[in-house]
Structure formats: C-alpha cells, structure tokens
Amino acid sequence: RTKRTKVALLKNILICGTPGTGKSTLAKLVLEKVNNNNNKRICYEYVNVGDVCKAKEFYHLFDERLNSFVIDEDKILDHLEPLVRRGGMILDYHSSEFFPERFFSHVIVLTCGRENTKILYERLEKRDGYTKEKIRQNVECEIFGECVEEAKEAYTGDGVVHVRSNETEEEMEETVKFIAEELLGAKLR
Ligand code: ADP
Ligand code: MN
C-alpha cells in the first residue's frame with residue numbers, strides 16, 4: 001500500500017481597504033508572524049498587487065479624473081492564478097471585487113476612522129504625490145465605507161469578510177494575531 005503524504009494547501013487571503021488604512025504595514029506583520037514557525041513547509045508569500053501592476057506594466061493609461069492608473073485586470077489575474085493555486089498568498093490591494101471569489105478563504109477589510117477621518121487624513125498627507133484632491137477622494141471613499149460595501153457584496157460566503165478597524169498600533173497587533181491564529185491557524189510559539 002502506498003503511503004500518501006497529505007499536503008494541506010495553505011489558504012489565500014486578501015487584505016483590502018482605502019489607501020492609508022494600513023494594509024501593507026499590517027500584511028507584512030502577518031507574513032512575519034505566520035512564517036516564523038520553524039516549519040519550513042509553511043511558507044506564505046506577500047504580494048502587493050498595485051506594485052506588481054506597476055513593475056510589470058499591467059495597466060492602461062493614467063485616468064486623470066480618478067487620479068490614478070487603471071490596472072489591466074486580465075493581465076494581473078493571469079499572473080496571480082498560478083500563485084493562488086499554489087496557496088499561501090497574502091494579497092494586498094485596495095479593491096476587492098475584481099478578483100474571483102474562489103481566490104480567497106478570507107477577505108480582511110481595514111478601516112481607519114469612518115466617523116473621524118483625521119487620522120487617515122494625516123497619514124495620507126505624509127505621502128509623496130498625494131494632492132489635496134487625491135487625499136479628499138480617499139477620505140471620502142472611507143467615509144462612505146466603499147471598500148467595506150464592495151467586499152461584502154463580492155464575497156458572500158459565511159465568515160469570509162472581516163472588517164477590522166486599524167487606527168492604532170494596538171488594533172493592528174490584535175488584527176495580526178487574529179489573522180495568524182484564528183484565520184490561518186498558525187501554531188505560534
Ligand atoms: P496602505 O498600504 O493601506 O496604503 P500603509 O500600510 O502604507 O497603508 O500605512 C499608511 C501609514 O499609516 C504608514 O505611515 C503606516 O506607518 C501608518 N499605519 C498603518 N497602520 C497603522 C496603525 N495601526 N497605527 C498607526 N499607524 C499606522
Ligand atoms: Mn500599501
């Protein structure tokens with residue numbers, strides 16, 4: 001009788017939310033935590049979708065009205081497909097709906113002060129190339145909860161979408177722990 005090795009595929013997750021809510025900072029902390037377990041077979045990978053699109057030129061022209069590049073969704077999805085099949089992907093992108101629902105076991109939406117946007121405003125002010133207009137657009141997007149709505153509409157499975165406030169270091173620490181332990185089930189020492 002052949003002995004089969006059971007290979008459990010690692011889950012893929014998406015961390016989304018308005019620019020400045022802290023996706024990249026938090027995602028890297030999650031990555032560190034889940035990969036720091038002395039188990040060489042467990043290896044998650046972090047992908048900043050926006051950065052990949054820029055590096056590989058997966059975008060259409062600059063949209064003057066939206067103040068940003070319009071990414072080529074077909075190209076980035078083709079690029080991500082084999083990675084997602086492999087499992088263990090931690091994807092970072094502000095938007096969520098254009099990914100196929102089957103991509104992710106969990107979608108985490110970060111928020112930063114939907115009522116008081118002072119914190120988000122100040123984070124975005126520190127960014128290079130962020131005009132007052134672009135900051136205003138992003139703050140408005142956060143006030144209207146656009147990313148939360150989008151994720152809830154696009155991912156309808158039970159317990160898939162998790163909305164987490166990310167205004168303080170303490171909240172971030174709790175969310176990192178929540179994702180690593182509850183969602184990804186990392187045995188942490
Ligand atoms: P995003 O990737 O969503 O655009 P970043 O991770 O680049 O956001 O974070 C934006 C800024 O906010 C950075 O300067 C980062 O250090 C800061 N930041 C992120 N999360 C927190 C947090 N939980 N508490 C305090 N500052 C944070
Ligand atoms: Mn980022």
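The structure is a predicted model. Two packed helices are described by the angle between their axes and by the distance between those axes. The pairs treated here are H1 with H7 and H4 with H5.

**Helices H1 and H7**

- Helix H1 covers residues 23-35 and helix H7 covers residues 169-183; their axes come within 9 Å and cross at roughly 45°.
- Angles under 35 degrees count as roughly parallel and those from 65 to 115 as roughly perpendicular, and H1 and H7 are therefore oblique to each other.
- The crossing in which H1 passes H7 is right-handed.
- On the H1 side, the contact is made by Thr25, Leu26, Leu29, Val30, Lys33 and Val34.
- H7 contributes Met172, Thr175, Val176, Lys177, Ile179 and Ala180 to this contact.
- Sorted by class, the contact of H1 with H7 has 8 nonpolar, 2 polar and 2 charged residues.

**Helices H4 and H5**

- The axes of helix H4 (residues 118-125) and helix H5 (residues 132-143) come within 10 Å, with a crossing angle of roughly 145°.
- H4 passes H5 in a crossing that is right-handed.
- Leu120, Tyr121, Leu124 and Glu125 of H4 meet Lys132, Ile135, Asn138, Val139 and Glu142 of H5 in this contact.
- The contact of H4 with H5 has 5 nonpolar, 1 polar and 3 charged residues.

**Surroundings of ligand 1**

- There are 14 residues around ligand 1, of which Gly20, Lys23, Ser24, Thr25 and Arg127 come nearest.
- Lys23 places a backbone N or O atom 2.8 Å from an oxygen atom of ligand 1.
- Ser24 has a polar side-chain atom 2.9 Å from an oxygen atom of the ligand.
- For Arg127, a polar side-chain atom lies 2.7 Å from an oxygen atom of ligand 1.
- Thr25 is among the residues that come nearest to ligand 1, and Thr25 also takes part in the contact of H1 with H7.

Methods. Residues numbered from 1 in each chain as written. Chains lettered and ligands numbered in written order. Predicted model: local features only at pLDDT ≥ 70, side-chain atom pairs only at ≥ 80, totals over all residues. Heavy atoms only, no water. Axes fitted to C-alpha atoms, helices over the stretch in contact; angles between N-to-C directions. Helix = DSSP H or I, 4+ residues; strand = E, 2+ residues; numbered from the N terminus. Parallel < 35°, antiparallel > 145°, perpendicular 65-115°, else oblique. Left-handed = near helix turned anticlockwise from the far one by under 90°. Contact = heavy atoms within 4.5 Å. Nonpolar A, V, L, I, M, F, W, Y, C, P; charged D, E, K, R; others polar. Near = heavy atom within 4 Å. Polar contact = N/O pair within 3.5 Å; in protein donor to acceptor, adjacent residues only side chain to side chain.
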